Amino acid sequence: MSSILTELGSAIRAVAETTSPSIVGVGRGSGIVIEPGRVLTNAHNLRHDETRVGFADGRTERGTVLGFDPDADLAIVEVDTGDTPAVAWAEEPPLLGDAVFALANPRGRGVRVTFGTVSSTTRAFRGPRGRVIGDALEHTAPLARGSSGGPIVDASGALLGINTHRRGDGFYLAIPATADLRSHVSALTKGETPKRRRLGVAVAPPHAARRMRAAVGLEPRDGLLVRGVEDGGPAARAGVRRGDLLIAANDTDLARAEDLYGVLDGLDGEATLTLRLLRGTEAVDVAVTFGDTVEEGSA
């Protein structure tokens, strides 16, 4: 037993020595130097176009947000990284049970390293704007507050994922460092922030919609309950109101929020979106036009 603990301690120290210099504090969380002048972090760590970046050697610099995708919970900060090394990307994804190491530099106050194992490679969670992030890595390496945006790495210090979500009960989720993620991050480093159509509504999930309708004596129906409507947004201009139940978009039934996102992402050019909704017991069709309302965001 003592031999195993000795080996584990040596592995943690080796990862810390190799990778710690590349882990920074960004805004409310942590980040990863991925190439000279570029730091990867979670979008939810940022509140403004400029942010403080704290390096492991104690240096502090001001960074500027270069690429920002709240739906994927990713952002790239442009900052003077000096001679800080970049973290290497792992060549192979981790397997169930593999050992992983989580690193963080919460708000630039010092690097922490913890150890755990991969408990699942097929989890999913919702990003800050409600879109599902799939195939997440679930692991057991403890994360302190301010660890989001930091990496999980293998024993060589290669990047396996970006920590972003705490499940509770000792389990944590990370966005996997796949080829798709690498391509997405590459676009963000060039300032190519994704643009998506926004309807301008906040919606409740179907189970909440059924419960709320039943509470006021209305027939339960699958759909997305409108909790709020953005002033001046496309939905507001079309006449959508708080309390409406969205049941179809361009003839696609809306059983989940992902159904609505799929329709929005599939619209071309100046296409009009036809929404069918229930207002109380009355079915209403409204036509939504977007104009220039295409930006990062959710529904």
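A residue is called buried when its relative accessible area is under 20%. By this criterion, 48% of the 299 residues of the protein chain count as buried in the model, which is predicted. The C-alpha atoms of the chain fill a box of roughly 70 × 40 × 30 Å, taken along the principal axes. The secondary structure comprises five helices and 20 strands. Among contacts between residues at least 6 apart in sequence, 61% join residues at least 24 apart.

The pairing of strand 1 and strand 2 can be described in detail. Strand 1 covers residues 23-26 and strand 2 covers residues 29-35; the two run antiparallel and are joined by four bridges. Within this pair, V26 stands opposite G29 of strand 2.

Another antiparallel pairing links strand 9 and strand 12, here over three bridges. In this pairing, H139 has Y172 of strand 12 standing opposite. Strand 12 is largely enclosed by the rest of the structure, because five of its six residues are buried.

Strands 9 and 12 also take part in the lining of the largest pocket. The space in this pocket amounts to about 360 Å³. The pocket is lined by 15 residues, of which A72, V132, I133, G134 and H184 are the closest to its centre. At least two lining residues are supplied by each of strand 9 (132-139), strand 12 (171-176) and helix 2 (179-189). Strand 9 gives the largest share of the lining, with four residues. By class, the lining of the largest pocket consists of seven nonpolar, three polar and five charged residues.

The second largest pocket has a volume of about 280 Å³. This pocket is likewise described by 15 lining residues, and those closest to its centre are H44, R145, G146, S148 and R166. Strand 11, which spans residues 159-168, provides four residues of the lining, the largest share. The lining of the second largest pocket is made up of two nonpolar, nine polar and four charged residues.

The position of one loop residue was also examined. A155 is found in the loop that runs between strand 10 (151-153) and strand 11. A residue counts as exposed when its relative accessible area is over 50%. A155 has a relative accessibility of 57% and therefore counts as exposed. When residues up to four places away in sequence are left out, A155 touches V15 and F101. The C-alpha atoms of A155 and D98 are separated by 9.9 Å, although the two residues are 57 residues apart along the chain.

Terms used: Residues numbered from 1 in each chain as written. Predicted model: local features only at pLDDT ≥ 70, side-chain atom pairs only at ≥ 80, totals over all residues. Heavy atoms only, no water. 1 Å grid on protein atoms, 1.4 Å probe; cavity = no way out; pocket = protein on both sides within 12 Å on 5 of 7 lines; lining within 4 Å. Points joined across faces, edges and corners; volume = space filled by probe spheres on them. Nonpolar A, V, L, I, M, F, W, Y, C, P; charged D, E, K, R; others polar. Buried < 20%, exposed > 50% of the residue type's maximum accessible area, 1.4 Å probe, protein only. Contact = heavy atoms within 4.5 Å. Pairing = 2+ DSSP bridges.
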